[in-house]
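Please look at the sequence and the structure first.

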Amino acid sequence: MSRSALVGIFVFTSIIPIWFAQVNADPIPKTLQEVFIDATSGVSGAGERVLSAVDSLLRQYPEDALLTAYYGSTLSVKARDSWLPWNKQKYSTLGMASLNKSLELLSNDSFSKPYYGLNEGIYIQSIAAITFANTPEYLHQKERGYNMLKNMMASEQLKYYPFGPQAWIHIGAVKAALDMNEPQLAQSWAKEMQKLAPTHPLTQEALSLIADTNT
């Protein structure tokens, strides 16, 4: 990402408290990534905050892979949360197109830029993989996302990074394996999480998920 784009994201993070101040008496500053996670978790209004800020930045940096990935994934979340079928279709189609574009924009340089405790390339791939794995069946992207996650989990490069930043990739892989009816693989990944960080909240979530499949 260019230096200018990084400045743009910094400006976004710095104005987040202003947005939160409109609805919260005691606002807590959040980064773009944190608000994005809120959106994927279903926090009301978070998706629109991400879309508004990223859309503005993309007007300046239309070929930025990271911003494009955030935009595509958040559109997919909007499709998930839409009630009207035609809106689900519209936002899903736009979201998939943006995610595909973000993957096409990846370069060797992407995998050397630090981002959120990983590198930008891995992070973009994780956004796309987890989003694809959670799409409706009619989009025919679930298996693609699952295969991407399997490749990431087998990657030696991922193991170089601390568990915390990559934990959401692990839990995404566990959930995808269960969704694809591969409980043994889900269990092995959950056990790996337990070895790496037994008390991490996402490890506990993964262990709970595989425990449910055994009852």
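Asn 181 lies in the loop between helix 8 and helix 9 (183-196); helices (H or I, at least four residues) and strands (E, at least two) are DSSP runs numbered from the N terminus. The model is predicted, and local features need pLDDT of at least 70, side-chain atom pairs 80 or more, while totals for chains, interfaces and linings use all residues. Residues are numbered from 1 along each chain as its sequence is written, and side-chain values use heavy atoms, without hydrogens and water.

Most residues other than glycine have a negative phi. Asn 181, although not a glycine, has a positive phi of about 60°, and it is exposed at 66% relative accessibility (buried is under 20% relative accessible area, exposed over 50%, partly exposed in between, with a 1.4 Å probe and protein chains only). Tyr 116, in the loop between strand 1 (114-115) and strand 2 (118-119), has a positive phi of about 50° and is partly exposed at 38%.

## The largest pocket

The largest pocket holds about 740 Å³ of space. A pocket is an open set of points on a 1 Å grid over the protein atoms alone, where a 1.4 Å probe fits, with protein on both sides within 12 Å along at least five of seven lines; lining residues have an atom within 4 Å of a point. Volume is the space filled by probe spheres set on the points, which are joined across faces, edges and corners.

Its lining has 31 residues, with Thr 40, Ser 41, Ile 130, Asn 134 and Trp 168 nearest the centre. Helix 8 gives the largest share, seven residues.
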